[in-house]
Amino acid sequence: MINLSNETDYKLIFKTKNLYNFFFILTIALFIGVFLKISILSIQEKNNEITEGTKKISSIFLPTIFDTNGHRLAYSDFNFSIKVNVNEKFKKYLKRDASNKQIKETLFLGNPNTKFEKILTRKYPFKNILSNTLGQVDIDHKGISLFEKNLNQTNEDLILGIDIDIQKKVYEVLSKEIKFLEPDYSLSIIVDLSKEEILSNVFIDNREEKFDDSLMPIKDLLFEFGSVFKPFTIYSALKNKKIDLNEFFDVDQPVYIGSKLIDDYPRNSNSPLQVKDVLKNSSNRGAILIRRKLDCQNEYKNDFSYLGLLENVSVGFDLISKEPELNNFRGSYCDNFPYGYGMAISPIQLINAYGKIVTGRDQFKASFEKKSISQLNEFNNVSTSLNKLLFYANETSEELYENFLVAGKTGTADIGDKTSQNVAYISYFPYNDPKYLSLTFMSNPKNKYGPYMTAGNTVKPVFFNILKEIYVNLDLSILDIKGTDI
């Protein structure tokens with residue numbers, strides 16, 4: 001028995017209370033520790049579930065495609081489909097990408113057989129104006145063509161040089177123009193020469209049987225472009241020092257390729273033409289006579305190869321153009337190339353070839369990739385002379401011709417049985433320090449702005465209507481320099 005009057009017993013009671021307190025505190029601490037451990041494990045488990053869910057969703061999401069200014073051109077997101085259970089095995093989709101309004105209207109009807117299904121889809125905010133550019137995904141949300149297919153390998157967002165604001169304006173103008181001109185299809189491409197970026201790539205197909213969406217016309221269509229090839233002949237002759245700009249060529253004398261007499265328009269000029277007027281008059285005979293000053297294989301065709309006209313080229317992101325098609329038309333390669341026959345190439349090859357001859361940059365290569373470069377033109381005697389020639393040859397009453405010093409060349413090529421034409425106009429500006437290049441093309445237009453079915457009466461005025469709308473988006477100053485010193 002404890003004696004409360006005994007000091008030793010008091011100390012024993014005190015120690016006993018401390019021991020109870022110790023065990024009590026220890027029990028509480030253990031309880032709290034176990035509780036916290038369970039809570040932490042629970043939180044970690046939830047976080048793991050969220051992380052795994054995020055990884056799972058991310059793994060089925062394709063990366064986003066942006067334009068040069070950060071606008072989304074293609075991205076993955078969820079939407080709701082509205083379906084009706086017809087029976088246990090069969091369901092019918094009423095709407096695969098239902099809007100909020102359609103969902104509310106369906107809920108209001110109160111049909112118990114109507115269900116909603118959340119599905120992953122690929123969104124294209126500018127689908128109509130970017131046809132045949134971005135590519136496609138399949139039902140499993142995997143890219144199967146063009147840029148979309150490239151995302152399967154990179155798994156990173158793509159940033160294109162495309163400027164969607166410029167693309168919209170070009171599309172709107174071209175849409176209006178084709179209502180009158182009625183081509184089978186049309187193409188407009190704008191290139192920033194210093195950055196070597198494709199700013200706009202508009203393709204509009206008017207045919208009932210549309211061009212395959214998995215293909216890109218800028219690289220997958222081949223054309224004989226006609227007279228836009230004539231500057232390549234003059235480029236080669238100047239490069240190999242085979243002509244003088246002041247010499248004359250008698251185009252009133254008959255010129256034959258084999259037994260075929262080559263026509264010229266206009267006929268009977270009654271005076272020989274200098275090089276600048278061979279381009280201005282778009283003389284087939286003059287172009288052939290200039291080419292005949294060159295060795296066909298060792299000079300002329302070597303220069304065509306250097307310009308990238310004899311092999312396929314890249315448009316960026318591992319997308320390659322089709323191989324050119326060479327046809328020994330009328331028995332002579334070299335006498336048909338000067339005025340654009342016997343060789344079918346893709347639009348990107350034509351653009352790159354012009355990019356090289358007008359900027360003087362040997363490695364010029366236009367691409368859909370957004371680049372950080374900004375290169376200066378590397379002028380030489382050949383590029384300087386050509387730019388002056390093409391500004392002179394492009395002379396027009398259009399005000400923007402002088403405001404922005406637009407140089408360029410038209411081309412008209414017969415298709416098949418000569419009942420229809422391909423018409424092309426390649427232009428760049430300003431001619432004295434080129435910043436931008438454009439290709440405007442139409443296949444088989446039914447109407448025209450002038451008396452003859454030529455590029456000058458179709459795609460050339462179309463380009464100037466486009467330029468009126470987009471020049472405010474470009475880095476340009478209105479100039480007032482008339483004429484050249486050629």
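These questions and answers concern a predicted model.

Visitor: What makes Cys296 and Cys334 a disulfide?

Guide: A disulfide is a pair of cysteine sulfur atoms within 2.5 Å. The S to S value for Cys296 and Cys334 is 1.6 Å, so the pair meets the cut-off. By this rule the count comes to one disulfide.

Visitor: Why is the disulfide called right-handed?

Guide: The torsion about the S-S bond of Cys296 and Cys334 is about 60°, hence the name right-handed.

Visitor: Which parts does the pair tie together?

Guide: Cys296 lies in helix α9 (residues 296-306) and Cys334 in helix α10 (residues 333-336), so the parts joined are 38 residues apart in sequence.

Visitor: Which residues touch the most other members of the largest nonpolar core?

Guide: Of its 110 residues, these are Phe147, Phe232, Leu350 and Tyr354. Not counting residues up to four places away in sequence, Phe147 touches several residues, including Ile65, Met216 and Phe368. Another core, of seven residues, lies apart from the largest one, with Ile257 and Tyr339 among them.

Visitor: How do you know that strands β6 and β16 pair?

Guide: Two strands pair if DSSP finds at least two bridges between them. Eight bridges join β6 (residues 185-192) to β16 (residues 436-443), so the two strands pair; they run antiparallel. In β16, Ser443 stands opposite Tyr185.

Visitor: What makes β7 and β14 edge strands?

Guide: The open sheet has the order β7-β6-β16-β15-β14. Each of β7 (197-205) and β14 (407-415) pairs on one side only.

Note on methods: Residues are numbered from 1 along each chain as its sequence is written. This is a predicted model: local features need pLDDT of at least 70, side-chain atom pairs count only at pLDDT 80 or more; totals for chains, interfaces and linings use all residues. Side-chain values use heavy atoms; hydrogens and water are left out. Helices (H or I, at least four residues) and strands (E, at least two) are DSSP runs, numbered from the N terminus. A nonpolar core is a set of buried Ala, Val, Leu, Ile, Met, Phe, Trp, Tyr and Cys residues joined through side-chain atoms within 4.5 Å. Buried means under 20% relative accessible area, exposed over 50%, partly exposed in between (1.4 Å probe, protein chains only). Contact means heavy atoms within 4.5 Å.
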